[in-house]
Amino acid sequence: MILELLAFLVLAVTAAVTALAALLVRELVHTIVWVALFFVSLAGFYFLVSAPFLGVLQLGVYAGAVTILLLFGVMVTRKRIFAHEAATGLGPAPVALSLLIVVVLATAASTIPAATSQIHSYSVSALSTALFNQYGAWLLLLGLVMLPALAGAIYLVREGRE
Amino acid sequence: MTDLPLAGFLALSAVLLGIGIFGILTRRNFILLLIAIEVAINSAILNFVVFGAYWGGVPGYGLEGPSVAVVLIGLAATEVAVGLAIVLALNRLRGSINVAEATVLKL
């Protein structure tokens, strides 16, 4: 119990710090490293709440594919890969707005009643059965979104388009 | 099995959403903007996974939480792919991926 609370606190601090660092460091390549650590810490959360399938999915899709895709985007769009970003000022309005959102949501989170159930694991086969029978329409819709997205991405990057 | 506080997860999710919105509002680089959006989406996915871990499979509740999480992970990955296609097109046409300079919608 104490050990799990400790793991939760360490992962929470890691997630918040790496997310903030990813958005504040000046080199884009360092940003990619920080955001990869952020994704890995979220996968750690999923393992902590007994959802290993989603943890592996998070590691494979985010820490693997999305990170490499972002790195590829950095590589092809700049001449010197470790060039510094121009410093952008942190205006008071964005900081105030995001702090307001955090305060409002954290207040709302503290008022919800205690959980009536405990964290437990469910079998992956039950999840896949639900995903392909009960919620099959969602997967179908996801496929219908992905297909035009793929076609649109190919259309945007193809050579000789005028 | 374990009894971690539900409010702790929700507060962390609120903090991550705040960080994501802060990044969306302040960053001018398209790739950083995509990363900020990813941070915000991941805070939502964390909520679905945590609620699914508490109530998923309990009699009277289904497995909506993890199912939505799987669909959302796929959707967010699609969004990154389209975003990077726009980054490449923007870089070829303007020579820069600063969103403040992309004032014409036609790529």
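This briefing covers a pocket, a helix and some aromatic pairs in the structure above. The model is predicted. The second largest pocket draws its lining from chains A and B, and helix α3 of chain A is one of the elements that supply residues to that lining. The same helix holds A:Tyr62, which pairs with A:Phe39.

**The second largest pocket**

- The space in the second largest pocket comes to about 270 Å³.
- Its lining is made up of 15 residues.
- Those nearest the centre of the pocket are A:Leu69 and A:Ala153 from chain A, and B:Ala81, B:Val82 and B:Ala85 from chain B.
- Three helices each give at least two residues to the lining: α3 (52-77) and α6 (136-157) of chain A, and α3 (64-94) of chain B.
- By type, 13 of the lining residues are nonpolar and two are polar, while no charged residue is present.

**Helix α3 of chain A**

- The helix α3(A) consists of 26 residues.
- From its first C-alpha to its last, α3(A) reaches 36 Å, which is close to the 38 Å expected at 1.5 Å a residue.
- Its buried residues are A:Leu54, A:Gly55, A:Gln58, A:Tyr62, A:Val66, A:Thr67, A:Leu70, A:Gly73, A:Val74 and A:Thr77.
- The cover over these buried residues includes α2 (28-48) of chain A.
- Chain B also takes part in the cover, through its α2 (30-55) and its α3.

**Aromatic pairs**

- Over all chains, the count of aromatic pairs is nine.
- One of them joins A:Phe39 and A:Tyr62, with 4.7 Å from centre to centre and 35° between the planes, and it is classed as tilted.
- This pair links distant parts of the chain, since A:Phe39 sits in helix α2 of chain A and A:Tyr62 in helix α3 of chain A, 23 residues apart.
- A:Phe39 counts as buried because its relative accessible area is 0%, under the 20% limit.
- A:Tyr62 is buried as well, because its relative accessibility is 0%.
- In chain B, B:Trp55 and B:Tyr61 form another tilted pair, with 6.4 Å between centres and 45° between the planes.
- B:Trp55 has 16% relative accessibility and therefore counts as buried.
- B:Tyr61 has 48% relative accessibility, so this residue counts as partly exposed.
- Ring pairs also join B:Trp55 and B:Tyr61 with B:Phe51 and B:Tyr54 in a cluster.

Terms used: Residues are numbered from 1 along each chain as its sequence is written. Chains are lettered from A and ligands numbered from 1 in the order in which they are written. This is a predicted model: local features need pLDDT of at least 70, side-chain atom pairs count only at pLDDT 80 or more; totals for chains, interfaces and linings use all residues. Side-chain values use heavy atoms; hydrogens and water are left out. On a 1 Å grid over the protein atoms alone, a cavity is a set of points where a 1.4 Å probe fits but cannot get out, and a pocket is an open set with protein on both sides within 12 Å along at least five of seven lines; lining residues have an atom within 4 Å of a point. Grid points are joined across faces, edges and corners, and a volume is the space filled by probe spheres set on the points. Helices (H or I, at least four residues) and strands (E, at least two) are DSSP runs, numbered from the N terminus. Ala, Val, Leu, Ile, Met, Phe, Trp, Tyr, Cys and Pro count as nonpolar, Asp, Glu, Lys and Arg as charged, and the others, Gly among them, as polar. The expected span of a helix is 1.5 Å times one less than its number of residues. Buried means under 20% relative accessible area, exposed over 50%, partly exposed in between (1.4 Å probe, protein chains only). Contact means heavy atoms within 4.5 Å. Rings of Phe, Tyr and Trp (its six-membered ring) pair if their centres lie within 6.5 Å; planes under 30 degrees apart count as stacked, over 60 as edge-to-face and the rest as tilted.
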